[in-house]
Amino acid sequence: MEVLLVMFKDDGSRKEFPLSAGKTLVGRSEECDLRIPLPEISRKHSIVMVGNNNVAVRDLGSANGTYVNNKRISEQELVAGDHLVIGPVVFTVRVNGEPKHVKPVQTRVETRGPAELKKSAKGKPGAAAPAAAVAAGEDDPISALEALAGTDDTAEMNLDGSSIFGDQES
């Protein structure tokens with residue numbers, strides 16, 4: 001099963017992140033397989049699991065939540081064309097070449113000062129994820145994602161031994 005997470009930058013350019021079979025940890029921590037270095041992203045935000053015949057995502061108790069098609073989820077199976085939103089980053093899920101044409105959904109990254117970051121971090125639990133913020137002087141998170149797109153650093157991880165596919169092994 002071929003699974004890609006597709007995102008678009010502000011300039012309209014497209015980036016694809018292939019996912020290997022098994023678990024892909026997503027978050028801002030350096031130990032994550034797919035690292036998104038933004039303050040709205042939890043250190044270990046979510047995990048995407050690719051099985052033989054299905055793909056699913058589980059939120060790992062993130063502060064700003066994980067969304068599928070604009071609905072906050074704790075765990076959900078993904079299908080081709082779904083929009084997976086992690087913090088301010090919008091990915092379109094592409095499975096085995098479907099959908100054939102992925103419409104651009106832009107990820108917005110706004111630069112704000114440290115005072116504005118602290119203010120936005122005080123959002124209410126369950127509220128929609130705020131627009132992306134990059135503290136002055138930090139690296140461009142989109143560039144970090146682009147660098148990952150050219151690598152195959154998605155190793156299988158066993159976080160807690162459980163599977164969101166029930167008894168089925170990935």
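Start by selecting strand E1 (residues 3-8) and strand E11 (residues 89-95): they pair in the antiparallel sense over 4 bridges. Strands here are DSSP runs (E, at least two residues), numbered from the N terminus, and two strands pair if DSSP finds at least two bridges between them.

Before going on, note that this is a predicted model, where local features need pLDDT of at least 70, side-chain atom pairs count only at pLDDT 80 or more, and totals for chains, interfaces and linings use all residues. Residues are numbered from 1 along each chain as its sequence is written, and side-chain values use heavy atoms, leaving out hydrogens and water.

Now show the side chains of E1. Val3 sits opposite Val95 in E11, and Val6 faces Thr92 there. Val3, Leu5 and Met7 point one way from the strand, Leu4, Val6 and Phe8 the other, and all are buried (under 20% relative accessible area, with exposed over 50% and partly exposed in between; 1.4 Å probe, protein chains only).

In the hairpin between them, look for Gly12, which has a positive phi near 90 degrees.

Zoom out to the open sheet: 6 strands, in the order E2-E1-E11-E10-E7-E8. E2 (14-19) and E8 (71-73) are at the edges with a single partner strand each, so one side of each lacks a neighbour in the sheet.

Finally, click Leu5. Its contacts (heavy atoms within 4.5 Å) include Phe17, Leu34, Leu84 and Phe91, not counting residues up to four places away in sequence.
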